[in-house]
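Please keep the structure in view while reading the points.

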2 protein chains.
Amino acid sequence: MTPRKAVVEELDKEKIMQAARELFVTKGYRSVSMRGIAGRLGYSHGALYYHFKDKADLFSAMVMADFDRLNDRLDEAMAEHTDHPAATLERIFMAYIRFGLDHKPHYEIMFMLEQSELNDAARRAQMVSYDRFAAAVLRLLRDSGKPGGVPIAVPWSLFLSLHGFVAYYLHTEQTYDQLLGLAEQYVGLMVRGLG
Amino acid sequence: MTPRKAVVEELDKEKIMQAARELFVTKGYRSVSMRGIAGRLGYSHGALYYHFKDKADLFSAMVMADFDRLNDRLDEAMAEHTDHPAATLERIFMAYIRFGLDHKPHYEIMFMLEQSELNDAARRAQMVSYDRFAAAVLRLLRDSGKPGGVPIAVPWSLFLSLHGFVAYYLHTEQTYDQLLGLAEQYVGLMVRGLG
DNA sequence: GCATTAATTGACCGTCGGTAAATAAGGTGG
DNA sequence: CCACCTTATTTACCGACGGTCAATTAATGC
């Protein structure tokens with residue numbers, strides 16, 4: 001009936017991503033449909049395809065925004081480097097876990113999507129974010145005076161460990177606060193492995 | 001036209017699970033459909049619903065069979081307990097990683113399915129299998145003469161670490177043999193954390 | 001005011017998981 | 001051998017999905 005709305009209520013990428021986020025909170029991202037997102041906004045589903053090429057394109061845009069946030073959190077954790085490198089390391093690890101558990105719907109699409117559900121740009125953002133993490137970890141390990149070189153596989157192992165922790169609790173109801181003690185034990189185990 | 005086939009070519013659960021497995025190898029399990037499985041066997045999709053209540057029921061049956069196999073592998077790794085407990089621990093960890101990477105399609109449905117995609121029995125099998133793992137790890141840690149008690153969270157942390165490793169490489173082309181060196185470093189880091 | 005462009009609708013396509021009635025084969029008792 | 005019941009399968013159907021596209025109307029530029 002009205003194949004174009006008044007400009008004040010026009011759709012844009014931000015509104016679409018926001019609606020998608022709200023749906024992710026209640027249902028898992030698997031069951032969030034393009035039709036559902038459009039319906040929540042009062043539009044027909046076809047309108048979304050004017051703003052995003054397809055569902056992977058929408059997911060990817062959200063993922064890239066989320067990686068920017070994660071990078072900020074890790075930067076903050078590193079910025080307080082007044083104490084020992086080992087303590088900074090623990091802060092970074094805890095910041096990672098906290099980000100994952102405080103923003104489960106975000107983390108879910110960042111790391112739990114199949115590769116086919118993301119476009120190239122989003123995959124690049126994943127890798128870039130990991131590179132920052134790895135560089136920071138390597139620097140801290142060297143600063144803390146490790147004898148000899150630090151094997152390049154170490155940051156990767158640490159990342160995998162952190163991801164394993166978050167990924168498991170992603171689909172439970174438990175919050176970061178509830179898991180705090182366990183997370184600290186876990187991180188402690190990780191850091192002791194580096195000694 | 002022929003609403004029942006000759007008895008020699010009747011469908012059964014085994015045939016269906018086998019066909020599903022074959023499809024998992026080429027496509028991810030996400031894109032394996034009930035129609036696709038039936039088609040591969042030369043049946044119409046409705047026939048599957050006579051043998052399995054729904055897709056979750058089919059997946060769950062496969063998952064439970066896979067946990068039996070994983071339990072066997074871990075039992076084998078523990079059985080060779082001629083040497084130090086620490087060496088046995090490493091063998092168990094490596095056996096876990098090996099199972100995951102040697103049987104990626106199996107591991108995928110065992111651990112990467114959403115809870116809603118499994119029925120109660122399959123969820124129980126997951127927990128029982130973890131309990132075996134945890135009991136074995138706890139026993140070995142105590143045998144190796146840990147001073148004081150071993151926190152109950154330790155086996156769980158170890159499991160999460162192993163899962164993190166396997167989960168990441170699940171969607172890559174890399175084989176267990178190619179990742180052997182990295183896996184050994186990773187396991188080494190884990191065990192050192194216990195010292 | 002008129003032509004052009006931008007944004008939205010809604011019909012349509014093929015595929016999915018799932019249900020249920022119809023139907024034919026297998027098994028059973030007389 | 002036949003009648004009857006059970007078992008296994010087909011097929012049509014449902015609603016929902018992702019995605020495409022011509023039609024349509026609001027906004028914009030000249």
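1. Start inside one helix. R73(B) and E76(B) sit together in helix α4 (residues 55-79) of chain B. They are three residues apart, about one turn of the helix. The two form a salt bridge, with the closest N and O atoms 3.8 Å apart. That pair counts because the cut-off for such a bridge is 4 Å. Keep in mind throughout that this is a predicted model.

2. How open are these two side chains? R73(B) is partly exposed, at 30% relative accessibility. E76(B) is also classed as partly exposed, with a relative accessible area of 45%.

3. Now take the wider tally. Over all chains, the structure holds 18 salt bridges. One of them joins D75(A) to R132(A), at 2.4 Å from N to O. This pair links distant parts of the chain. D75(A) belongs to helix α4 (residues 55-79) of chain A, and R132(A) to helix α7 (residues 120-143) of chain A. The two are 57 residues apart. D75(A) is partly exposed at 34%, and R132(A) is partly exposed at 37%.

4. Look next at a bridge between two loops. In chain B, the side chains of R30(B) and E117(B) meet at 2.7 Å, N to O. R30(B) comes from the loop between α1 (13-26) and α2 (34-41) of chain B, and E117(B) from the loop between α6 (104-111) and α7 (120-143) of chain B, so the bridge ties together parts that are 87 residues apart in sequence. E117(B) counts as buried, at 18% relative accessibility. The limit for buried is under 20%, which is why E117(B) falls in that class.

5. Chain A has a salt bridge to set beside it. There, R30(A) and E117(A) meet through their side chains at 2.8 Å, N to O.

6. Domain 1 covers 1-52 and domain 2 covers 54-194. Their centres, taken over C-alpha atoms, are 30 Å apart. The contact draws 14 residues from domain 1 of chain A and 16 residues from domain 2 of chain A. Together these domains bury about 1400 Å², with 69% of it on carbon and sulfur atoms. R21(A), Y29(A) and F52(A) supply 47% of the area that domain 1 of chain A buries against domain 2 of chain A, more than any other three residues.

7. What polar links run between those domains? Two salt bridges are counted between domain 1 and domain 2 of chain A. Six residue pairs are in polar contact there. On the domain 1 side that touches domain 2, α1 (13-26) and α2 (34-41) of chain A each supply at least two residues. α1(A) gives the most to that side, with six residues.

8. Turn to the interface of the chains. Here 23 residues of chain B are in contact with 23 residues of chain A. The two chains bury about 2200 Å² between them, 65% of it on carbon and sulfur atoms. In chain B, the residues that lose the most area to chain A are W156(B), L160(B) and L189(B), together 22% of what that side buries.

9. How many salt bridges cross this interface? Zero are found between chain B and chain A. Six residue pairs in polar contact are found across it. α8 and α9 (176-194) of chain B each supply at least two residues of the side that touches chain A. The most comes from α8(B), with eleven residues.

10. Finish with the rings. The whole structure has 42 aromatic pairs over all chains. Among them is Y168(A) with W156(B), edge-to-face, at 4.6 Å centre to centre and 85 degrees between the planes. This pair crosses between chains, from helix α8 (residues 153-169) of chain A to helix α8 (residues 153-169) of chain B. Y168(A) is partly exposed, at 35%, whereas W156(B) is buried, at 14%. W156(B) also pairs with Y169(A): the ring centres are 6.4 Å apart and the planes are at 70 degrees, so this pair is edge-to-face. Y169(A) lies in helix α8 of chain A and W156(B) in helix α8 of chain B, so the pair joins two chains. Both Y169(A) and W156(B) are buried.

Conventions
Residues numbered from 1 in each chain as written. Chains lettered and ligands numbered in written order. Predicted model: local features only at pLDDT ≥ 70, side-chain atom pairs only at ≥ 80, totals over all residues. Heavy atoms only, no water. Phe/Tyr/Trp six-rings, centres within 6.5 Å; stacked < 30°, edge-to-face > 60°. Helix = DSSP H or I, 4+ residues; strand = E, 2+ residues; numbered from the N terminus. Buried < 20%, exposed > 50% of the residue type's maximum accessible area, 1.4 Å probe, protein only. Domains from an automatic or database assignment. Contact = heavy atoms within 4.5 Å. Buried area = accessible area lost by both parts, 1.4 Å probe. Polar contact = N/O pair within 3.5 Å; in protein donor to acceptor, adjacent residues only side chain to side chain.
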